[in-house]
Amino acid sequence: MEYILDTANIRYIKDATEYFPIAGVTTNPTIIAKENKNFFKLIREIRMVIGKELPLHIQTISVRAEEIVEEGKSLLEKFDKNIYVKVPVTKEGIKAIKILKSKNIKVTATAIFTSQQALIAAKAGADYVAPYVNRIDNLSSDGCNTVGNIIRQFKNYGFKTKVLAASFKNAQQIQNVANLGIHAVTVTPEVFEKLYSHPSTDFSVEQFIKDWKKVYGDKKIKNII
Ligand code: E4P
């Protein structure tokens with residue numbers, strides 16, 4: 001499963017990519033606007049931090065298919081070929097996905113709320129589809145169930161499109177999609193911190209150190225072997 005960061009916060013991306021096995025960064029217009037920085041410089045900075053190889057997913061803001069395609073092309077020209085153009089699955093968006101794929105441009109279909117939207121986006125050629133787990137839950141529906149249906153559909157029909165689950169508000173939602181065999185999750189800093197940290201782990205480590213010191217004092221392993 002790929003862990004992707006759902007943020008444009010440079011400080012967090014730097015820290016997380018140094019410490020954790022991070023597979024890329026996703027942004028959307030809300031995430032970008034939150035940083036309130038020069039867009040061009042911000043994307044360049046994210047690319048510098050994560051390196052050339054990791055996927056960077058950047059969302060288009062146009063509404064018409066032709067304009068979405070132009071935006072996608074200019075993202076690749078201004079930045080690099082390893083950009084995934086994120087396109088919301090509106091009618092125009094689906095047309096744009098078809099065109100972008102005919103030009104061999106990597107695409108992430110986003111703002112997915114139903115399994116049929118995901119299936120159509122996959123048929124249009126999307127490399128990733130991003131169902132919005134928590135937003136679906138908020139509509140009194142079941143985000144994880146939708147994700148499960150999408151994964152099953154793709155398996156049944158032999159699609160290579162990866163499912164990139166998005167919009168999480170807690171660690172349990174991520175565990176639930178992991179149980180379903182999700183390909184990738186994109187996670188905000190707030191939720192990512194909850195994935196690995198546990199007070200009992202910290203307590204155990206403190207206890208191990210105390211016990212060690214009772215016998216070996218401040219000596220490190222390398223000093224006694
Ligand atoms: C990522 O691709 C999505 O844009 C993002 O996860 C949406 O998250 P939200 O529902 O918390 O805004």
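Which residues surround the ligand?

**Entry 1. Basis.** I worked from a predicted model, in which local features need pLDDT of at least 70, side-chain atom pairs count only at pLDDT 80 or more, and totals for chains, interfaces and linings use all residues. Residues are numbered from 1 along each chain as its sequence is written, and side-chain values use heavy atoms, with hydrogens and water left out.

**Entry 2. Shell.** Asp 6, Asn 28, Lys 86, Tyr 132, Arg 135, Ala 166, Ser 167, Lys 169 and Thr 186 surround the ligand. I divided this shell into four charged residues (Asp, Glu, Lys, Arg), three polar and two nonpolar (Ala, Val, Leu, Ile, Met, Phe, Trp, Tyr, Cys, Pro), with the others, Gly among them, counted as polar.

**Entry 3. Polar contacts.** I searched for pairs of N or O atoms within 3.5 Å. A polar side-chain atom of Arg 135 lies 2.6 Å from a ligand oxygen. For Lys 169, the distance from a side-chain N or O atom to an oxygen of the ligand is 2.8 Å. Tyr 132 places a polar side-chain atom 3.0 Å from a ligand oxygen. The protein buries 87% of the 340 Å² that the ligand exposes when taken alone (Shrake-Rupley method, 1.4 Å probe).

**Entry 4. Strands.** I then examined strands (DSSP runs of E, at least two residues) and their pairing, which requires at least two bridges. S7 (residues 162-165) runs parallel to S6 (residues 128-131), joined by two bridges, and Lys 162 in S7 stands opposite Tyr 128. Two bridges also join S7 to the parallel strand S8 (residues 184-187), where Val 185 stands opposite Ala 165.

Technical notes
Near = heavy atom within 4 Å. Polar contact = N/O pair within 3.5 Å; in protein donor to acceptor, adjacent residues only side chain to side chain. Helix = DSSP H or I, 4+ residues; strand = E, 2+ residues; numbered from the N terminus.
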